[in-house]
Amino acid sequence: MDAANPRVGKDAVRVIFLGPPGAGKGTQAARLAAHLKVPKIGTGEMLRTAIAKNTPLGQQVHPFMETGNLVPDHLLVALVRERIAEPDCDRGFVCDGFPRTLAQAQGLEEMSGDPRAWVVFDFEVPRPELMLRLSGRRWCPSCQATFHLKNDPPKAPGVCDACGTGLVQREDDHESVVALRLRQYDERTFPLIEYYRTRARMIPVDGYRPMDVVFRELLQAVGVPA
Ligand code: AP5
């Protein structure tokens, strides 16, 4: 068992997805978590759920998210701390979009222990491709499944394959907001690549390839058969 969090076993899976907006983190994190049978902790999704339910947290974070700013660290660290204390995280978890700042990385270590055995996937995708992915992304406001008009279209146009809800564009996928999100990534998240290079098992991933090719590489990296 882990001294920092006795609920999380020593050999538990811990995977972090780093990368700019639109790099494919959420898409691949969902597939990997399902394959490894551990939960995906997607902080963007958790925050959007809080906004949809109009909870006090949702009301607090909405102004940050709709403008493309990062939500304050203390809120994120508290949210993740609570989530990984749940029993389904006993065998580990896959983090999508957390940590995103040095303060969050340190918070995660305090709650989850030494990162030396963690796998950190660092997704790299050219900027023009990121813009195409974000402008073409469509999202289910009910179950949060993600599609793309060209790269990953739903079976019926405009309708979620999983739950039948009408798909929409995320409010932070509009061009003016995307520009600020990319700046936030460059200034606040990019330094984590250097941070994890010496602290964890850091694996650069060329995310500018078909989804299935990327996924096979992730499975190989974590040593799990397809
Ligand atoms: P969040 O929801 O985490 O957004 P993000 O990190 O900006 O990432 P995205 O969801 O935009 O992209 P992705 O890399 O997951 O790509 P996806 O797989 O969807 O965060 C949103 C906001 O919440 C933040 O701006 C902030 O305000 C707040 N927040 C969240 N976490 C926070 C934190 N820790 N600290 C502070 N604030 C926080 O793919 C994109 C599109 O491309 C899809 O349409 C997909 O179908 C397509 N696609 C995926 N892979 C491929 C491929 N290989 N080839 C072609 N198309 C592909």
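**Close-up views of the predicted model**

**View 1. Lys 37 is exposed, with a relative accessible area of 68%.** Exposed stands for over 50% relative accessible area, buried for under 20%, and partly exposed for values in between (1.4 Å probe, protein chains only). The model is predicted: local features need pLDDT of at least 70 and side-chain atom pairs count only at pLDDT 80 or more, while totals for chains, interfaces and linings use all residues. Residues are numbered from 1 along each chain as its sequence is written, and side-chain values use heavy atoms, with hydrogens and water left out. Lys 37 sits in the loop between α1 and β2 (40-42). Helices (H or I, at least four residues) and strands (E, at least two) are DSSP runs, numbered from the N terminus. Lys 37 is not a glycine, yet its phi is positive, at about 60 degrees.

**View 2. Asn 54 lies in the loop between α2 and α3.** Although Asn 54 is not a glycine, it has a positive phi of about 55 degrees. Asn 54 is exposed, at a relative accessible area of 51%.

View 3. The shell holds 36 residues, of which Thr 27, Asn 69, Arg 100, Arg 137 and Arg 181 come nearest; a residue counts as near if one of its heavy atoms lies within 4 Å. By class, the shell divides into 13 nonpolar, 13 polar and 10 charged residues. Here Ala, Val, Leu, Ile, Met, Phe, Trp, Tyr, Cys and Pro count as nonpolar, Asp, Glu, Lys and Arg as charged, and the others, Gly among them, as polar. Oxygen atoms of the ligand lie 2.8 Å from a side-chain N or O atom of Lys 25 and 2.9 Å from one of Arg 48. For Arg 137, a polar side-chain atom is 2.6 Å from a ligand oxygen. Polar contacts are pairs of N or O atoms within 3.5 Å; within protein, one must be able to donate a hydrogen and the other to accept it, and residues adjacent in sequence count only if both atoms are side-chain atoms. The protein buries 96% of the 1,000 Å² that the ligand exposes when taken alone. Areas come from the Shrake-Rupley method with a 1.4 Å probe; for residues, only the protein chains shown count as cover.

**View 4. Gln 144 is in the loop between β5 (137-139) and β6.** Gln 144 counts as buried, at 10% relative accessibility. A polar atom of the Gln 144 side chain lies 3.0 Å from the backbone oxygen of Glu 45. Residues up to four places away in sequence aside, Gln 144 touches Glu 45, Arg 48, Thr 49 and Trp 139. Contact means heavy atoms within 4.5 Å.

**View 5. The buried side of α6.** In α6, Glu 129, Leu 130, Arg 133, Leu 134 and Gly 136 are buried. Among the elements that cover the buried residues of α6 are β5, β6 and α7 (175-189). An α-helix has 3.6 residues a turn, so residues three or four places apart point the same way.

**View 6. The largest nonpolar core has 29 residues, and Ile 16 and Tyr 196 touch the most other members.** At least two core residues come from each of β1 (13-18), α3 (56-66), α4 (73-84), β3 (92-96), α5 (102-112) and α8 (191-197). The largest share, 6 residues, comes from α4. A nonpolar core is a set of buried Ala, Val, Leu, Ile, Met, Phe, Trp, Tyr and Cys residues joined through side-chain atoms within 4.5 Å. Beyond its neighbours within four places in sequence, Ile 16 is in contact with residues including Cys 95, Phe 98, Pro 99, Leu 108, Trp 118 and Tyr 196. A second, separate core of 24 residues includes Ala 33, Phe 123, Val 205 and Phe 215.

**View 7. Phe 98 and Pro 99 are joined by a cis peptide bond.** Omega is about -5 degrees. Pro 99 belongs to the loop between β3 and α5.

**View 8. Tyr 195, in helix α8, has a side-chain polar contact of 2.9 Å with Glu 109.** Tyr 195 is buried, with a relative accessible area of 10%. Not counting residues up to four places away in sequence, Tyr 195 touches Leu 102, Ala 105, Gln 106 and Glu 109. Tyr 195 and Ala 105 are 90 residues apart along the chain, and 8.9 Å separates their C-alpha atoms.
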